[in-house]
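Please keep the sequence and the structure in view while reading the points below.

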Amino acid sequence: MRPIDPALRAARLAHTFVPFSQLRTARLLLELNSQQPLEVQRRLFGYDLTLKAHRSTTHMLLYLQGDDFLSDLPLIAPHLRPGMVAFDVGANIGYLSMYLRSRIGPLGQLFSFEPEPENYAELNANFQNNHLRNCQAIQAAVGSQEGVITFATGLNGHVPEEGAGGITVPVVTVDGFVQKQGLSRVDFVKVDVEGFELDVLAGMRATLERPDKPILYIEVHGRGEYARADPRRVCEVLEGHYRNIRAYVSPDDFKAKQSHLRRLWGRVSPFGDIEQACRVDLREVKQHDTQRYQLLCLP
């Protein structure tokens, strides 16, 4: 038995009953592990998730929290149904992909795009280990045109400022991918690309102009956070395609501001509808363009 195993089990048990200070615990576990390779298993949305937990606090938090790690699911859950064709753009290691698969079921199709090599390896391994044959992991960035681009590696990999270092990764567009795959429709697209949102939207113009355009769930990063981030312009582009755009402050940010007592109470009696608690006017996204928001665009 590894020395860290008892600490992992104790931490997971403790946070089953105490829903706060998980980040502190995650950091403590990583320190205790001393950067040694550490692979752990976690059940997530009915699937077995293998986590290379030594990589980041995010991995540790997934291990500790399981399904509760994703706090924004109530925003999209009512809009997912069996048989959908879904894209996960910026899939990371695949935790949201697993949720999408659990909702669209074996009759749906899921395409998950992730350019960062280590993230992609975990994403693809989890698809393969769970025998998810209607799910495809694509090791590529999604942008405005096909080609290659410089990419900064890491769990939250991103397109850096021009001239900055990184690795070279392939780029696909949503429109081009849809055409090459011969897809008759796309029902749901999630986008989380660390400030690269405008490029993704530029490469899916034909998809957005279709009468049966997809539901779009996009994380908008604040100006200054990443080189290309521009929330105001993202909103303007989306308003050209959707009449119903719901804007939210990040549920993660919202929950982080709640008191420990309120979060503990929320485990027994939910302290309000997260959809209503986080909802803001779209004008706020344009005005406070240095903050992070979630946008749900409904056809």
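A nonpolar core is a set of buried Ala, Val, Leu, Ile, Met, Phe, Trp, Tyr and Cys residues joined through side-chain atoms within 4.5 Å. The model described here is predicted. Its largest nonpolar core has 53 residues, its salt bridges number 17, and a search of the whole structure finds one cavity of 30 Å³ or more.

**Nonpolar cores**

- In soluble globular proteins, nonpolar side chains tend to be buried together.
- Within the largest nonpolar core, of 53 residues, Ile76 and Phe188 have the most contacts.
- Helix H5 gives the most to this core, contributing six residues.
- Beyond its neighbours within four places in sequence, phenylalanine 188 contacts Ile76, Leu80, Met84, Val85, Ala86, Phe87, Leu100, Pro214, Ile215 and Tyr217.
- There is also a second, separate core of 44 residues, which includes Val85, Val142, Ile149 and Val191.

**Salt bridges**

- Side chains of opposite charge can pair when their charged atoms come close.
- The structure contains 17 salt bridges, several of which are described here.
- Glutamate 219 and arginine 292 pair through their side chains in a salt bridge, with an N to O distance of 3.8 Å.
- This pair links distant parts of the chain, 73 residues apart: glutamate 219 belongs to strand E10 (residues 215–220), and arginine 292 to the loop between helix H14 (282–287) and strand E13 (293–298).
- Glutamate 219 counts as buried because its relative accessibility is 9%, under the 20% limit.
- Arginine 292, with a relative accessible area of 25%, is partly exposed.
- A salt bridge also joins the side chains of aspartate 230 and arginine 223, at 2.8 Å from N to O.
- Arginine 223 is partly exposed, at 39% relative accessibility.

- Strand E2 contains aspartate 48.
- Where does aspartate 48 stand: buried, partly exposed or exposed? Its relative accessible area is 42%, so aspartate 48 is partly exposed.
- Aspartate 48 forms a salt bridge with arginine 43, and the closest N and O atoms of the two are 2.8 Å apart.
- The two side chains, of aspartate 48 and arginine 43, also make a polar contact at 2.8 Å.
- Arginine 43 is itself partly exposed, at 47% relative accessibility.
- Not counting residues up to four places away in sequence, aspartate 48 touches Arg42, Arg43, Asn126 and Asn130.
- Between aspartate 48 and valine 174 there are 29 Å in space, C-alpha to C-alpha, and the two are 126 residues apart in sequence.

**Backbone angles**

- Most residues other than glycine have a negative phi, and most peptide bonds are trans.
- Phenylalanine 45 is not a glycine, yet its phi is positive, near 55°.
- Phenylalanine 45 sits in the loop between strand E1 (39–44) and strand E2 (47–52).
- With 15% relative accessibility, phenylalanine 45 counts as buried.
- Asparagine 92, also not a glycine, has a positive phi of about 60°.
- The loop between strand E3 (85–89) and helix H5 (95–104) holds asparagine 92.
- Asparagine 92 is buried, its relative accessible area being 9%.

**Aspartate 253**

- Helix H11 (residues 251–256) includes aspartate 253.
- Aspartate 253 counts as partly exposed, at 32% relative accessibility.
- The C-alpha atoms of aspartate 253 and leucine 298 are separated by 23 Å, and the two residues are 45 residues apart along the chain.

- Rolling a probe the size of a water molecule over the atoms shows where empty space is left.
- How many cavities of 30 Å³ or more does a search of the whole structure find? The search finds one.
- The largest cavity holds about 40 Å³ of space.
- Which residues line the largest cavity? The lining consists of Val178, Arg185, Val186, Thr207, Arg210, Asp212, Lys213 and Pro214.
- Pro214, one of the residues lining the largest cavity, is also among the contacts of phenylalanine 188.

Terms used: Residues numbered from 1 in each chain as written. Predicted model: local features only at pLDDT ≥ 70, side-chain atom pairs only at ≥ 80, totals over all residues. Heavy atoms only, no water. Salt bridge = Lys/Arg side-chain N within 4 Å of Asp/Glu carboxyl O. Buried < 20%, exposed > 50% of the residue type's maximum accessible area, 1.4 Å probe, protein only. Helix = DSSP H or I, 4+ residues; strand = E, 2+ residues; numbered from the N terminus. Contact = heavy atoms within 4.5 Å. Polar contact = N/O pair within 3.5 Å; in protein donor to acceptor, adjacent residues only side chain to side chain. 1 Å grid on protein atoms, 1.4 Å probe; cavity = no way out; pocket = protein on both sides within 12 Å on 5 of 7 lines; lining within 4 Å. Points joined across faces, edges and corners; volume = space filled by probe spheres on them.
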